[in-house]
Amino acid sequence: MAQEVRGVVVHGKGEPVRVETIIVPDPGPGEAVVKIQACGVCHTDLHYREGGINDEFPFLLGHEAAGLVESVGEGVTDVAPGDFVILNWRAVCGQCRACKRGRPWYCFDTHNATQAMTLADGTKLSPALGIGAFAEKTLVAAGQCTKVDPSASAAAAGLLGCGVMAGLGAAINTGNVARGDTVAVIGCGGVGIAAVAGARLAGASKIIAVDLEERKLTQARSLGATHTVNGGSADVVKSIQELTGGFGADVVIDAVGRPETYQQAFYARDLAGTVVLVGVPTPEMKLELPLLDVFGRGGSLKSSWYGDCLPERDFPMLIDLYLQGRLDLDAFVSETIGLDGIEEAFEKMHRGDVLRSVVMF
């Protein structure tokens with residue numbers, strides 16, 4: 001039978017979120033109902049509220065989550081009731097040209113649950129990134145559930161569902177940071193600091209964190225940065241070059257996503273170095289670079305979408321590293337809140353007061 005649960009809904013662009021009763025149907029073929037234990041408050045949820053993703057209101061917000069599988073539909077074999085899972089928003093199809101080429105992290109036909117969750121009056125909800133986890137329970141495609149070690153903290157584990165994975169993956173998967181590499185990360189919000197942690201995990205010899213705020217640079221040092229540069233008072237490109245023997249970094253990660261920071265990343269890398277764009281630009285932004293410089297400097301210019309992660313490969317591995325004490329996911333949890341604290345959490349996030357507020361159920 002369908003269930004009534006509480007969830008956080010936004011009905012129109014810029015409107016405050018509201019805790020409402022939502023209806024979660026029984027899982028159909030290939031679907032699962034997950035009892036949410038924790039869900040991080042991500043910038044993407046704020047983008048949904050502000051109409052920056054699309055206008056398919058009302059939205060059921062939340063997507064950076066972990067919880068327990070409650071029930072599964074016909075044909076589901078990879079997860080079972082009682083499994084502790086992290087939710088992901090890219091359930092790979094296994095059949096598209098990317099999957100068949102052995103690159104499922106680029107899957108071009110990811111999927112979500114077929115059935116819709118609704119308001120009590122039958123109005124269909126659009127779940128954020130196909131998940132909708134600011135709710136006591138949610139309906140997802142079973143492929144969006146990745147089973148991990150249940151001894152992990154739900155508050156920490158859920159963060160791999162989006163922002164922390166994006167940063168870690170930008171360094172490890174997209175940037176291919178190797179032992180002994182020099183790395184610079186421009187922008188030290190949640191994603192940027194996760195990129196710092198990823199570079200440390202990969203064995204980078206020097207990790208340079210760049211931001212305009214000293215408190216963020218201090219946080220970056222705590223998670224692995226060996227050097228910091230305040231972009232408000234120093235020339236970012238020259239500073240990175242000076243810290244890398246005059247050459248520039250092997251890998252530079254732009255976790256801001258603005259033309260100015262991308263140009264800094266482009267010129268702060270060594271010859272044949274790599275630039276990774278993981279910060280999300282807005283539609284009107286344009287980039288202008290001399291084509292001769294693009295040719296002459298060589299190397300790679302990459303974008304990183306969801307950290308080029310493959311959840312079934314990356315989530316269990318990263319949780320193991322967390323449980324071994326080698327990846328401090330707890331450091332990303334600034335506070336835990338209830339469903340009624342999400343609007344205030346958006347304000348704190350906008351001000352840069354937190355890495356992550358996490359809703360606990």
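Buried residues account for 53% of the 361 residues of the protein chain in this predicted model. Where contacts in the protein chain between residues at least 6 apart in sequence are considered, 69% of them join residues that lie at least 24 apart. The secondary structure of the protein chain comprises eleven helices together with 18 strands. The radius of gyration of the protein chain is 20 Å, which is close to the 21 Å given by the globule rule for 361 residues, and the chain is therefore as compact as a globular protein of that length. The C-alpha trace of the protein chain, taken along its principal axes, extends over about 65 × 40 × 40 Å.

Helix H5, formed by residues 190–202, packs with helix H6, formed by residues 214–222, at an angle of about 25°, and the axes of the two helices are 9 Å apart. Because angles under 35 degrees count as roughly parallel, H5 is described as roughly parallel to H6. The crossing of H5 and H6 is right-handed. On the H5 side, the contact is made by Ile193, Val196 and Arg200, whereas H6 contributes Lys216, Gln219, Ala220 and Ser222. When the residues in the contact of H5 with H6 are sorted by class, three are nonpolar, two are polar and two are charged.

Key. Residues are numbered from 1 along each chain as its sequence is written. This is a predicted model: local features need pLDDT of at least 70, side-chain atom pairs count only at pLDDT 80 or more; totals for chains, interfaces and linings use all residues. Side-chain values use heavy atoms; hydrogens and water are left out. Axes are lines fitted to C-alpha atoms, for helices over the stretch in contact, and angles run from 0 to 180 degrees between N-to-C directions. Helices (H or I, at least four residues) and strands (E, at least two) are DSSP runs, numbered from the N terminus. Angles under 35 degrees count as roughly parallel, over 145 as roughly antiparallel, 65 to 115 as roughly perpendicular and the rest as oblique. A crossing is left-handed if the near helix is turned anticlockwise from the far one by less than a right angle, and right-handed if clockwise. Contact means heavy atoms within 4.5 Å. Ala, Val, Leu, Ile, Met, Phe, Trp, Tyr, Cys and Pro count as nonpolar, Asp, Glu, Lys and Arg as charged, and the others, Gly among them, as polar. The radius of gyration is taken over C-alpha atoms; the globule rule is 2.2 Å times the number of residues to the power 0.38. Buried means under 20% relative accessible area, exposed over 50%, partly exposed in between (1.4 Å probe, protein chains only).
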